[in-house]
Amino acid sequence: MTFSSNKAFSILLFSAWGLFANPLELLKRHRYLEAVEQWSKQINIDKMDANGMRALKGQALAYQGLGSLYAEFHDFSMILMEEYYTSMSPDLKIPMAQIYLAQIQFYTGDMQGAQKSLQTALKSNDLTPSAKNMGEVYLYHVNRKLGAQAKPWAFSTEDNAAAWQSLELGGVAYGKIPANLKVVSPRSYRCRVQIYLSSEEIDIRELDKLLLPVLNAAHTPEVYFDKGKNTQINFYDPLLMATLSEGYFALAKATNLLILDNERRFRTLASRFGTDLALTEISLRLNQLDAAEKYLGNNRTPEGQILSARLLARQGKANEAEAILEKVGQGASPVIKREVAQAYLDHGLDLAKGLKWASEAARERNTPPYHRVWGGILLAQGKSEEAVARYSQGYKIEFRNRIDQIDPEFMAEYAHALFRTNKLRYEEVVETLYHLQREFPACRQMYYSMQGISAALARGYESQKIFRKGG
């Protein structure tokens, strides 16, 4: 959580611990959706009272926590899947792996690599019709981005996953989705949400309803059958967790806007919520820079100044951003120093300066969030061994892999550091991802890929067994 979330969280604890003990405890233990469900029982939109306002703020915090969590999962997942498909597919001789590798390359901006992967895969006679269609959808959009001639995929509602992916990449408006196109495949659920997120106005209930089937299908692979070997090959939609992240940030924003609409009636309570700062922060996460600037206004608090620096960094004004961060950090509390360091890390600013603030903050306050920022900067600097050692300072071994005791974002970052450090510790990464995917089924793609990477170091046939099911 960031400073604005922590501030509001403290207010909730102080103001309503007795009434909201259950949802607050759930939020504290990272049971976000359970907390949202409990708080929903306290809210009556038509007859809003102070307790309902507190419950809304709790829900906004839970949604923001989920948005941040799935963003962390997405970043690590893309690294794992790219490593898996790059290193495994030549040995496994499965052209479908190239299709999925190309999708990852597309989303990470490697259009040349994506084009090469797709062209290689589409030459194969071993692709199923569905796999070929998905490859052609992506090749069309890759070629367009490269300025090359692009032959569009012949749209067919019969291939459900490819049809939905074509609509999403084509930027179709939510209200323009063909009426005869059903929502039946895991990717169709995800693409429908992504298309809806491009709408000008987001309805909380509608988005919540659209996200539910995505979550229910989150652990489900996109299955392709290899008739020649009579086996089932499992792959995962690489943008699944990015869409979940954006979806929950959008819910957090919509909930905060609802709070803002009701704040005039509860001025004393509203003054402690920091809703404008929360909306600024979430807008930045959603890359809505104009909205972030509007909500931030001329806020001169340390928190507001840090958000101002973040906005400047996103606008490409790194020098101005660093000047503000350096000024804010001078003589500040450990919380502010940590947030200054986090801003350096998140926006690719001078990491050496960020490390200074992170180390100062951690020495003043020896708790996991402080060691996490320090470790994150070390990892970004390529100092993997040092990063692991720093993460270990905040990772209580007696609570290993328990999300009720350790922030799952911390767990994912620590596993990422281990992955970058020592192949002999890959089994620890597999174990952590196993526990994460039990709690958050969308992490299945991370666990699955890491299993394959780890197994391949031991025996090639082990990775074959993981990659193929049956036969």
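Author: A polar contact is a pair of N or O atoms within 3.5 Å; within protein, one must be able to donate a hydrogen and the other to accept it, and residues adjacent in sequence count only if both atoms are side-chain atoms. This is a predicted model, in which local features need pLDDT of at least 70 and side-chain atom pairs count only at pLDDT 80 or more. Side-chain values use heavy atoms, with hydrogens and water left out.

Reader: What makes the side chains of E222 and Y100 a polar contact?

Author: The distance is 2.5 Å, and the limit is 3.5 Å.

Reader: Why is N125 called exposed?

Author: Its relative accessible area is 76%, so N125 is exposed. N125 sits in the loop between α6 and α7.

Reader: Why is α5 called roughly antiparallel to α6?

Author: The axes of α5 (residues 95-107) and α6 (residues 111-122) cross at roughly 160° and come within 8 Å. Angles over 145 degrees count as roughly antiparallel, so α5 is roughly antiparallel to α6.

Reader: Which residues of α5 and α6 make the contact?

Author: Contact means heavy atoms within 4.5 Å. The residues making it include I99, L101 and F106 of α5 and M111, L118 and A121 of α6. The residues of this contact divide into nine nonpolar, four polar and no charged.

Key. Residues numbered from 1 in each chain as written. Axes fitted to C-alpha atoms, helices over the stretch in contact; angles between N-to-C directions. Helix = DSSP H or I, 4+ residues; strand = E, 2+ residues; numbered from the N terminus. Parallel < 35°, antiparallel > 145°, perpendicular 65-115°, else oblique. Nonpolar A, V, L, I, M, F, W, Y, C, P; charged D, E, K, R; others polar. Buried < 20%, exposed > 50% of the residue type's maximum accessible area, 1.4 Å probe, protein only.
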